[in-house]
Amino acid sequence: VFRYTARIVFCASGLFSLGAFDKRGRMVREKFGSRLGFILISAGCAIGLGNVWRFPYIVGQYGGAAFVLLYLLFLVVFALPILVMEFAVGRASQKGVARSFDELEPAGSKWHRFKWAALAGNYLLMMFYTTVAGWMLAFMAFSGAGTFEGLDADAVEGVFNGLLADPLMMVAFMLVVVLIGVLVTRAGLRNGVERITKTMMAALFAVLAVLVVRAVTLPGAEEGLSFYLMPDFAKLFEGGWGTFVDAVFAAMGQAFFTVSVGVGSMSIFGSYIDKRYRLTGEALRVAGLDTLVAIMAGLIIFPACFAFGVEPGSGPGLVFITLPSVFSQMPVGQLWGTLFFLFMSFAALSTVVAVFENIMSFSMDEWGWSRNRACLVNGIALALLSLPCVLGFNVWAGVEVPGIGNIQAIEDFLMSNNVLPLGALVFLLFCTSKRGWGWDAFLREADTGEGTRFPRWARGYVRFALPVLILAVFVAGYVPIVQVWLGMG
């Protein structure tokens, strides 16, 4: 009687869905309602600001289509195997990163200690990502209000700097992002995360399609399309072999970071699916959607830049400074600018929701918290821990590390150049080492179901070559910083 009474009370209060209990009144692990939900949510986690902020300006810096081909090559040979491994660890254990290594590791081993680094990584990512996602919401509001109408790039930069200098406005938009993440994850896996992410992803692709059609039909857009889609490998060597090596490492880094592996943000979604489909095929679909968004973003940005005589390799300011001024020159530019930052907001929020779900599930798996309690405690913690990044642009603007930058840059560097590659290395070694879960166990899980098999011939490559590539990306991230430090000395 007590169990069923508690069940009715919990369901009525919205803390759990009916699907969270079995016939005996015991809680069971939530599952995705459909395969499409798993693919879209996993893709939503991977699709983020790296696709539509970092990818276009790196493509612009390294000569366009030739760099895109390099990126696609490394996506397949570098990032995809680790994505399959994260999915496999999650599905085999039916747990998030909080308990997945505990379930699968050999007795007496210490792989499970990695979960604390993974949790720290998820928190660290959100400590600056909520701020940047807040910028997207702010620029969507500015575009909708007509703030950028008639402004050139210098004037738009003034608007952006004004936003950064206003701590109250920055905090407000950051808190909106945190609140959205908390409310969506609190509603549950199916009713909140899956339903909202499906809607956002559908809207994201619809807005993308409209913007692509508008951009490629601009007068003068042909030159931008040629730059983006017609490979000219000579451009990779315009600065000599040094430029080519830089381009290779940039392509490796972009391919690696774009699929969000290394902190269990993908293994959690593997734990929510059944064994009907092999994981290599699922990883291909997720990576394919992620890449499609990045490619479509380029189809918006490069035709628009060339149509209005803007340098496509203008750096990180391309999205927040250059593009608003470009949209302001278009007919009905207020609409196109608003739609662009709506798309950017969906891309950012899909990642926020996915990582929030990973954090909430960690608390539920590790400490047995209810989803309601996990959302309350973690929501407050995430809001407080995001404040240093916000204040790093104004009140604490003087806090910097030479060669890295302000607080936001420090947090981004720690996450992108340290936690993600080293975390990916842990997953890789766990799935291939005899002292970990092991190659045979991984392959058995990855190949359970229907679809594309993980290539057995790749064992030597993923066990010996892939760790070297990951360490190369890790070391490459420190090279410019060490150069700055040595120059100071």
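Guide: A salt bridge is counted here when a side-chain nitrogen of Lys or Arg lies within 4 Å of a carboxyl oxygen of Asp or Glu. By this rule, the predicted model has 13 salt bridges.

The part to examine is the pair of helices α15 and α16. Two packed helices are described by the angle between their axes and the distance between the axes. Helix α15 covers residues 333-367 and helix α16 residues 371-385; their axes come within 9 Å and cross at roughly 125°. An angle of 65 to 115 degrees would count as roughly perpendicular and one over 145 as roughly antiparallel; α15 and α16 are therefore oblique to each other. The crossing in which α15 passes α16 is right-handed. On the α15 side, the contact is made by Phe-356, Glu-357, Ile-359, Met-360, Ser-363 and Met-364, and on the α16 side by Arg-371, Ala-374, Cys-375, Asn-378 and Leu-382. Sorted by class, this contact has seven nonpolar, two polar and two charged residues.

Side chains of opposite charge can pair when their charged atoms come close. The partner of Arg-371 is Glu-30, with 2.8 Å from N to O. Arg-371 belongs to helix α16, whereas Glu-30 lies in the loop between α1 (2-13) and α2 (35-46); the pair links distant parts of the chain, 341 residues apart. Both Arg-371 and Glu-30 are buried.

Another salt bridge joins the side chains of Lys-275 and Glu-445, again with 2.8 Å from N to O. Lys-275 sits in the loop between α12 (267-270) and α13 (279-307), and Glu-445 in helix α19 (residues 439-446), so this pair ties together parts that are 170 residues apart in sequence. Lys-275 has a relative accessible area of 40% and is partly exposed, while Glu-445, at 9% relative accessibility, counts as buried.

The side chains of Arg-453 and Asp-447 also meet in a salt bridge, here with 3.9 Å from N to O. Arg-453 is partly exposed, its relative accessible area being 47%, and Asp-447 counts as buried at 9% relative accessibility.

Notes. Residues are numbered from 1 along each chain as its sequence is written. This is a predicted model: local features need pLDDT of at least 70, side-chain atom pairs count only at pLDDT 80 or more; totals for chains, interfaces and linings use all residues. Side-chain values use heavy atoms; hydrogens and water are left out. Axes are lines fitted to C-alpha atoms, for helices over the stretch in contact, and angles run from 0 to 180 degrees between N-to-C directions. Helices (H or I, at least four residues) and strands (E, at least two) are DSSP runs, numbered from the N terminus. Angles under 35 degrees count as roughly parallel, over 145 as roughly antiparallel, 65 to 115 as roughly perpendicular and the rest as oblique. A crossing is left-handed if the near helix is turned anticlockwise from the far one by less than a right angle, and right-handed if clockwise. Contact means heavy atoms within 4.5 Å. Ala, Val, Leu, Ile, Met, Phe, Trp, Tyr, Cys and Pro count as nonpolar, Asp, Glu, Lys and Arg as charged, and the others, Gly among them, as polar. Buried means under 20% relative accessible area, exposed over 50%, partly exposed in between (1.4 Å probe, protein chains only).
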